[in-house]
Amino acid sequence: PVVRLEDYRPTDYLIDTVKLDVRLHPTATRVTAELALRPNPKGTPGAALTLDGDELRLVSARLDGVALGAAAYAVTPSSLVLHAPPQRPFTLTLETELDPSANTKLMGLYRSSGIYCTQCEAEGFRRITYFLDRPDVLSVYTTRIEADREEAPLLLGNGNPVERGEVPGTGRHYALWHDPFPKPCYLFALVGGRLDKVSQTYVTGSGRAVEIAIHVEAGKGERATYALDALARSMRWDEKVFGREYDLDVFNVVAVSDFNMGAMENKGLNIFNDKYVLASAEKATDADYANIEAIIAHEYFHNWTGNRITCRDWFQLCLKEGLTVFRDQEFSSDERSRPVKRIADVRTLRAQQFAEDAGPLAHPVRPAQYREINNFYTATVYEKGAEVIRMLKTLIGAEAFRRGMDLYFERCDGTAATVEDFIACFAEASGRDLSQFFTWYEQAGTPTVTASSHYDPAARTYRLDLAQRTPPTPGQAEKRPVVIPVALGLVGESGRELPLKAGNEVPLANGVLTLDGPALSVTFTDVPERPVPSLLRGFSAPVRLEMDLADEDLFVLFRHDRDPFNQWQAAQTVATRVILEATRAARAGQAISVDARLGEALAHFLDSRAEADHAFAAQVLALPTEADMAREIGGDVDPDAVFTGRLAVKRALGAALADRLAALYGRLASRGAYSPDAASAGRRALRHAALDLLAAGDAARGTELAVAQFAAADNMTDRFGALAVLAHLPGAARETALADFAGRFHDDPLVLDKWFALQATIPEAGTLDRVRELTRHPAFSMGNPNRVRSLVGSFAMGNATQFNRADGAGYDFLADVVIALDPKNPQVAARLLTAFRTWRMLEPGRRAKAEAALKRVAGTPGLSPDVSDISGRSLA
Ligand code: ARG
Ligand code: ZN
């Protein structure tokens, strides 16, 4: 069944308070829910009450304390219906039973390595008790959790702890929690288990003492201290930048090892995939540390953007997710390097969201319909959703943006809001009409901006012509123009920034042109020399830019642009051109020749600027990926030709820059103990980028250096960095290092995930067999989402040539895994299947094989709604 935004109507009943009594048991957990209901003044009087339920066994049902007669209600696999509820406030008391150990979907209440935990977003609460499982029903929760004391000495709930005690003579104990803030049921959580904790007292700006704690598997406490520190820093930052303070006496984070996604912002009790909590020098990379910091912040920031103000319905998901991603990106930018963070975020946006937007799964930031909401936790809702907020800030300015946020917190606190409510605050705060801006929420597809220009030296004028168009996407053939902030500058050939003067009627403010029609022509005056335009500075809008700048102009921007994003972009654009040409030659069976100017520009860059910002330099040295190139080509893609073309360019650069890279590699060697700070991480990133290029140019030298680094490493970043370089160099050294790594970390699943992932991305014909073999490795399990994503996900999303094998065996493998996994964990299965999202861009032979595999999945009887939705849309 399809759910549509336009069909929204409020519920007929409200649930003001919820009293839960959860008696934990490994296979037969009993839940008593006492719901205080009343008719909703906005609902239909006299309507039946339909509560959602899923895989529950109803034990008893009482109305105002009296057992319900069989005729008064009906139970179906997905609901409990009360035919004629009282038209006054009443209490419904429901007792249900469920089996947490059998819950392989990891939605609702389940057990992970002996720990009871919950995941309720989006629709998991109905797997705990019958309920109005939708985000616009806000209730105050009191939760009593009871468990065997030995099995679960720690019992955590939402809100503040109230009381705890023994259940005499049973070996059991209980804890009582109360959350004073009304919340939707998707924010409910509980945890029971034997866990270690690290904690500290955090004092808010207004003087409230909060006990903040992170709970992890026994023996792993030491590995949670970085996350705890990141949490304290997030709390301080939200006070400073958004004026938001924490509002309870405690804030608990629990890390579990079986989790469908990254983490979850349950009120006062965040639950995390342990991959995004646990870190130590020996076992986590710099990238792991950065992810932990960002996700800890993200979930914490949801306390205001998501929890205090929640969503009216799931169509409004971007209201909390896009905004909270924007907030966590800003936090990381302030804590680390802003330009480098921006480049990294744009890389992710292009790799994930642009890919999604260009294929059959394209949808607007605020979708208008869905079959399975879990399939809409997408790069479009999250990442493009964040870009839309960023554009809003650019368009109205930082001050009006902050006033709009303040107004939003003031006006919508305690409500389940819509995107309209949110945007109205910014319209008011800025005095602007934002109705056309709203198109960003409603229209799918990545707009293309085309630019051309003309300089008149005699008149000293420079004309810039811009135009936009958005390609059709599923269900949206016609597109309207969107409001595109184009941040720009004019750069003289010698590198100086030229003045930006244009007439009063030109929509130009603070270096930002607003393109809101199909086309715009602007003439700049008093331009003293021929300028090179630097457009979309800081990537001011999530669009594709088409402009035929000469290579020489791109080199000017690479050298001189004052905007670091566009410096980087200029180098990427040249590299893209060079790889495109090499790919064309490879496809045509011709000899590949690589334009030497790219190497010369990079040599100059390494000589003059690499030392100024290591992390930035690492981004400059990283070539566009095979997937980037495939999107650039756009259709009839031959992944083998892309691989060959790209590798040829990499080898040529590695050879041309060999001496510089080797010197850089030597200079950047680690000194002293490992520290995960941004500067140290940047140094390591550049060192590994240098080694990676060097190894492409000279495999023997690369192998020698990587083997030495692997052996000497005292931290995971260096060790895994070396292993990753070796992975691309076939031979005995690689296999020895892989075996050594597995032996060293055989008892640590999170580290073995890196080992699985790396092997799955080896671009060689033997990889599919290797991956199949690894599915039988003792450390691998189809039941654990991290293992599946590491091995199968990395193969399908990170190995362009082997997933896209010409014989279709890669596609068949993925289809087999999806079909096998679907009955156990449909959410993870559906996510894996999105690896086919760009299948129509392939050359005809592979396209046919991909289609056949998708059809085989789609035709499998008994598919979950999750997988059937993705396979159906992918084929439509
Ligand atoms: N709200 C969580 C977060 O982004 C993610 C929940 C994902 N839920 C899902 N059903 N996929 O922080
Ligand atoms: Zn989120």
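**Questions on a predicted model**

Modeller: An unreviewed UniProt entry annotates residues 445–547 as "domain: Peptidase M1 alanyl aminopeptidase Ig-like fold"; such annotations may be inferred rather than shown by experiment, and their positions follow the numbering used here, with feature names shortened. This is a predicted model, in which local features need pLDDT of at least 70 and side-chain atom pairs pLDDT 80 or more, while totals for chains, interfaces and linings use all residues. Residues are numbered from 1 along each chain as its sequence is written, and chains are lettered from A and ligands numbered from 1 in the order in which they are written.

Biologist: What is the helix and strand content of residues 445–547?

Modeller: The span is 0% helix and 49% strand, where helices are DSSP runs of H or I of at least four residues and strands are E runs of at least two, numbered from the N terminus.

Biologist: What makes α4 largely enclosed?

Modeller: A residue is buried if 20 or more other C-beta atoms, placed from the backbone, lie within 10 Å of its own, exposed if 12 or fewer, and partly exposed in between. In α4, 14 of the 20 residues are buried, so the rest of the structure largely encloses this helix.

Biologist: How do you know that β4 and β8 pair?

Modeller: Pairing needs at least two DSSP bridges. β4 and β8 (residues 79–82) are joined by 4 bridges and run antiparallel, so they qualify. Threonine 50 stands opposite valine 81 in β8.

Biologist: Why are β4 and β7 called edges?

Modeller: The open sheet has the order β4-β8-β7, with antiparallel pairing. β4 (49–52) and β7 (73–76) each have a single partner strand, so one side of each lacks a neighbour in the sheet.
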